Amino acid sequence: MTDTGGIDDRSFNASSYQGLLDAAKADPNITTAYLQSTTQSDYVPNINALVQRNCGIIVTVGFLMGDATQSAAKAHPTDHFAIVDYNYSPPLNNVLGLIFNTAQAGFLGGYLAAGMTKTGTVATFGGMKLPTVTIYMDGFYDGVQYYNQKHNKNVKVLGWNEKTQNGTFTGDFTDQTKGKEVTQTFIQQGADIIFPVAGNVGLGAAAAVKQNGNGVHMLWVDTDGCISAPQYCSIFISSVTKGIASAVKTVTLAAANNQFKGGNYVGTLANNGVGISPFHDFASKVPASLQSELNQIKQGIINGSIKVASPSQPTS
Amino acid sequence: MSVVAATRRRVATLDRRTVAGAFFAALGALDILGFGLGAHAGDAVFRFSVGGESAHVPDLSLPAGTTAIVLGSLSVALGALYAGWQLGRTARRVVIAAVMALFILALLCWVDAGNSPLNIVGLLQSSLTRSIPLVLGAMSGLLGERAAVINIAIEGQLLIGAFAAAVAASAAGMLWLGLISGSLAGGLIGVLLAVFAIRYLVDQIVLGVVLNVFVLGLTGYLYDRALVPYQTTLNSPGVYGTIRVPGLADIPIIGPIFFDSNVFLYITYAVLLLVQVGVFHTRWGLRVRAVGEHPVAAETVGIRVIYTRYRQLVLGGLIAGIGGAYLTIGSVGAFGKGMSSGQGYIALAAMIFGRWTPFGAVGAALLFGFASALQNILSILGAPIPSDILLMTPYLVVILVVAGLVGRVRMPAADGKPYIKS
């Protein structure tokens, strides 16, 4: 069951549905169905509708569905649920929370952006101020600061301040014109790499970047942008991804084989649950030295020698 | 008795003047104490070019704290003037506008102190582009309501216009075809609205809301089924390039804001002028207004009331459809589900706050656009205001200013009432 973005948002709803489809492909006994929520008040009726259909597992998508899923899970203790972007403490027996430490991936994205900027200014903005959004922005911010510290530079981040936890948001995940305007303002204020964390609204940002043309580029979020929004591949340096599809696939297959276990799953750089995508058109433009630094940092984060400071990181 | 009433009225106006004057002085005090004395070190730098102009305007660099104190003092003085003297209506409005402007300038000085230069032209440019769909939507509402049919379906007209424009322009590979299709799709919703409201006397408010939900569902369904699988053929229409008006675009500051945009801005100018002249300075407009104020009287002098109402709604739909087309082929270059995001309702509000006049509606739309752009720049420059509060400001500003400046509005006398021939 998807959030208001729908299965075609080229972002987390799309990835979740893709995970279900992948599972069905791997195991022909699995059939899939989805319901889309048009407003937040649809969550509870939609979950109930799916419960009535005796699904083997119900995957709800999005932080905003946390409460609705919890009450459904408590009311139907024999049904299995998985929820993307949410976890419960204490964990519930019949719900698997799929969460992702995207601050780690955002850190790499921030470092990459700081290494690629010509103007010394990079920018990020969010759709709504939710922990699953700001965690990316935190990681991005940290990555830029780490670059500054290592290279003795002073790359500025517009749109987010980790210390005050305050920044730029468009207010929803649908108004693409707003994403475009925010991005144009960033560009006017000197930013040349933009990292929107706003689902479909990011497409507005991509339109602004493409129209500007003057050496401004961006990072896509959640999925590999060159696959989910190929018309803009030429402006995507890379994408900061989280492996929602593979996590959903894994839990769905487990449920189909009666191996479902409730609790929490945390996607990290170490288990490839989060990461940055290939550079595609930028493979030759990202300097080899920067690429190898990114690999070192990835190892550093995995072995704990580099700390990512985001307060939104999952703890379990 | 009448003496008492008169006295009471005078006391009331005196109170109101004092309260308003005190409010202006308080804003001035906030400028001085908050933005002036609380200023960060460093200058506030304002930039007046977006690049590519022939005449270069130098940056304006102001000492942030001192400037805010000066602006605040002016504001306090204006507050005293407002409370102390009996000002005429125009003078009152000028004072209110001046106090608001001083406050915004002081705020910008405070936010930009020691920061990167703040691009004023960029700020005004995005205010104007933000208001394009709002102005066109408001014109749609205005044309309908001047003939006494309420059009809540502006939101749906924008959304279906955006959808049709994206699909047609993408499939045919011609942007102008998208523009026409978007307009026609909006007109189609106008026809539906007219048939149900005029022929079948359905409640106009309910009808408008239902049409909006219908369009949201229809475009959402078609988007899932057609636009996602065939994205490259059906949802990659491209975007109109900018047209520089020769000569005018080279004027510093003004040029890049008003004369260096894509075709939609120029269409908006034209529509605005046509509606203003048409409704208020022609026989045609007089008849429309007669239908809106007193349809029975209009009918007796030979004006075809029902026909006029149909025509107005379809015309309005055609215009709102262009506003919708702007969202896709004028701005982001692809359709997205529910992408009108409530702008149709803001357009409706702009029309009402603009007292059912074109220029009034434009004023309200620009105010909203400006507040929205200002909110962006404030958050980008890292103003220490929580982002949720900032996101509220465009709506808050519109309500405050409208309450302060516009006051009570009067709608066309027959607005919303179906006309039944007896």
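**A walk through a predicted two-chain model**

Between strand β1 (residues 43-47) of chain B and β2(B), the pairing is antiparallel and runs over 4 bridges. Within that pair, Ala44(B) sits opposite Leu62(B) of β2(B).

A word on reading the model: it is predicted, so local features need pLDDT of at least 70 and side-chain atom pairs count only at pLDDT 80 or more, while totals for chains, interfaces and linings use all residues. Residues are numbered from 1 along each chain as its sequence is written, and chains are lettered from A and ligands numbered from 1 in the order in which they are written.

How confident is the predictor? Chain B has a mean pLDDT of 89, with 95% of its residues at 70 or more (pLDDT is the predictor's confidence in each residue, from 0 to 100). Within chain B, helix α1 (residues 2-36) has the lowest confidence, at a mean of 73, and helix α5 (residues 154-172) the highest, at 97. For the complex, the ipTM is 0.84 and the pTM is 0.87.

Next, the core. The largest nonpolar core holds 226 residues, and Met218(A) and Ala350(B) touch the most other members. Such a core is a set of buried Ala, Val, Leu, Ile, Met, Phe, Trp, Tyr and Cys residues joined through C-beta atoms within 7 Å. Helix α13 (residues 305-332) of chain B contributes the most to this core, 14 residues. Leaving aside residues up to four places away in sequence, Met218(A) touches several others, including Ile193(A), Phe195(A), Val209(A) and Phe236(A) (contact means C-beta atoms, placed from the backbone, within 7 Å).

Where do the chains meet? Contacts link 32 residues of chain A with 31 residues of chain B. On the side of chain A that touches chain B, α6(A) gives the most, with 9 residues.

Finally, look at Arg146(B), which lies in helix α4 (residues 120-146) of chain B. Arg146(B) counts as buried because it has 27 C-beta neighbours inside 10 Å; the cut-off is 20 or more other C-beta atoms within 10 Å, with 12 or fewer for exposed and partly exposed in between, C-beta atoms being placed from the backbone. Not counting residues up to four places away in sequence, Arg146(B) touches Gln312(B), Trp356(B) and Pro412(B), among others.

Key: Helix = DSSP H or I, 4+ residues; strand = E, 2+ residues; numbered from the N terminus. Contact = placed C-beta atoms within 7 Å. Pairing = 2+ DSSP bridges.
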